[in-house]
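Dear colleague,

I am handing over the structure we discussed, with the sequence alongside. Please look through it first, and then read the notes below.

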Amino acid sequence: MVVAERKPIEEILDMIKEFDKVLLTGCKGCVTVCNAGGEKEVGILASALKIARKKEGREIEIDEITLERQCDPEYIDQLEDPISKNNYDAVLSMACSVGPQYIAKRFDTVLVYPMLNTSFIGGSLEHGVWAEFCQACGSCAIHNFGGLCPIARCAKSLMNGPCGGSSGGKCEISPETDCVWHLIYERMSRLGQLDKLGNVVMFKDWTTSRDGGPRKIVREDLKQ
Amino acid sequence: MKAGSNLEKMFAAGHFAVTGELGPPRGADAGHIHEKAKYLKGIVESVNVTDCQTAVVRMASMAVCRLLLDMGIEPNLQMVCRDRNRLAIQADLLGASALGIKNVLCLSGDHQKFGDHPQAKNVFDIDSMQLIATCKKMRDEGKLINDHECEGIPKFFIGAAVNPFADPFDFRVTRLKKKIDAGVDFLQTQCIYNMEKFRTYIQQANDLGLTEKCYIMAGITPLKSVGMARYMQKFVPGLDVPEDYITRLKGVDKKKQGDEGIKIAIEQIQEMKEMKGISGAHVMAIEWEERVEEIVSGAGLLPRPDVS
């Protein structure tokens with residue numbers, strides 16, 4: 001899933017300091033799963049902002065709505081009614097950064113603000129802890145690395161690691177970061193595939209990654 | 001001869017080779033280079049010029065290499081993959097060859113997190129293994145990565161680094177082999193302090209016949225003080241400084257710790273000279289270039305043989 005985290009409250013308060021009435025929109029997709037921008041987080045943020053603004057002596061009116069998804073035009077349409085009926089100064093989105101962009105696209109003259117920092121494609125390790133697993137390079141080859149991704153999980157995206165900074169299973173950039181190449185080595189050892197690791201992996205074709213420009217997938221079989 | 005550099009000739013003639021290292025300044029002062037490099041002239045075959053080492057912005061390695069050539073010193077161009085994509089890397093390699101640079105050392109590069117611009121975007125389009133293969137393809141096939149033929153083929157003596165002390169230890173010799181497979185001619189090791197572990201490593205390489213396929217230079221960095229030794233032991237990932245060297249440094253007067261560090265370096269090189277599979281020493285006297293002559297001389301390696 002897309003993993004995100006809420007921006008610091010100070011940054012949000014600064015973004016909305018000129019506004020008196022806003023619509024705060026959540027998303028029931030990935031950001032609900034990672035506890036960043038679902039219905040619950042929308043409620044918490046709305047309360048926090050209202051309390052802070054009351055303290056400042058300039059109260060703010062905040063309407064709340066949480067959409068099924070913000071990365072699908074049909075759900076964004078559900079904002080038509082509240083936006084047309086209320087004179088919002090701005091719409092705040094608690095989706096990943098796709099959400100505010102969809103809202104901006106749909107509502108040409110409405111100011112839109114992101115409430116989250118979209119962090120990575122990843123998963124949860126334990127309750128309250130998430131980690132990055134994929135960099136969306138567009139040509140998955142993890143089967144060559146014991147099922148682990150060196151592009152996303154090695155600090156240098158090395159294809160022939162581990163580098164000289166691997167120490168005690170940890171990456172040189174931080175004792176908190178696993179050396180994925182150490183994990184790859186151990187797993188391929190268990191799989192009896194260490195001989196595969198002895199081959200030099202040659203140049204990666206990055207055309208399918210962001211380097212090839214913004215990407216688009218067209219499924220002719222699904223297009224109407 | 002692949003490139004005909006002094007370093008290559010020294011190996012080819014069967015001599016125990018010696019290389020040095022020079023870190024460019026964090027500014028545009030060429031005088032700084034002259035000052036440091038003069039201590040290395042005639043003492044080592046060639047001098048590694050680091051490429052923004054520890055991810056700190058410094059004068060470009062290639063420019064410093066050319067300044068060394070002007071001083072009559074052979075450079076080893078260090079090149080990292082952190083700051084350049086395959087376009088820039090190949091362009092720089094062609095330029096380096098045109099400037100008369102014959103030795104290249106292919107490295108991944110320290111992560112920018114350690115440096116003076118941790119906010120930077122890194123590149124890592126290719127890795128050190130693939131950089132070796134790039135140099136080899138350019139030299140042996142006269143082609144770029146995309147198979148375009150070079151007009152004027154760069155001739156490099158291709159080097160890389162290996163760290164016998166990083167983990168997992170059992171994979172380290174495999175990685176050495178991969179560098180040989182990718183096309184490396186010589187390898188310089190990370191600074192060696194744990195001699196026992198290093199002997200095991202070289203024994204493994206010898207057993208696989210790897211030391212006959214490329215020249216391996218033992219990395220030697222003299223310890224200046226107990227403080228430096230402790231720092232390297234605790235804070236430099238992939239370095240292994242055993243307690244006995246620290247005890248030895250502690251055993252002498254504080255002012256003499258540097259001299260003791262030099263003595264240790266000399267003893268290490270003397271052992272390396274006799275070690276099967278080791279073809280030379282890479283002396284990295286960090287900000288201590290003026291003591292390199294003492295080390296090389298103490299190890300009985302001066303004057304350097306003339307192979308020109």
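**The contact between the chains**

The contact draws 25 residues from chain B and 24 residues from chain A, and please keep in mind while reading that this is a predicted model. On the side of chain B that touches chain A, both α5 (128-141) and α6 (169-182) of chain B supply at least two residues each, and the largest share of that side, six residues, comes from α6(B). Sorted by class, the side of chain B that touches chain A is made up of eleven nonpolar, seven polar and seven charged residues.

**Chain B as a whole**

Turning to the fold of this chain, eleven helices and eight strands are found in chain B, and its C-alpha atoms fill a box of roughly 60 × 45 × 40 Å when taken along the principal axes. Because a compact globule of 308 residues would have a radius of gyration near 19 Å, the value of 19 Å for chain B agrees with that expectation. Of the 308 residues of chain B, 52% count as buried; and among the contacts in chain B that link residues at least 6 apart in sequence, 79% join residues at least 24 apart.

**The domains of chain A**

For chain A, the domain assignment gives domain 1 (2-119) and domain 2 (135-208), and the centres of domain 1 of chain A and domain 2 of chain A, taken over C-alpha atoms, are separated by 38 Å.

With best regards

Methods. Residues numbered from 1 in each chain as written. Chains lettered and ligands numbered in written order. Predicted model: local features only at pLDDT ≥ 70, side-chain atom pairs only at ≥ 80, totals over all residues. Helix = DSSP H or I, 4+ residues; strand = E, 2+ residues; numbered from the N terminus. Rg over C-alpha atoms; globule rule 2.2 N^0.38 Å. Buried ≥ 20, exposed ≤ 12 C-beta atoms within 10 Å, placed from the backbone. Contact = placed C-beta atoms within 7 Å. Nonpolar A, V, L, I, M, F, W, Y, C, P; charged D, E, K, R; others polar. Domains from an automatic or database assignment.
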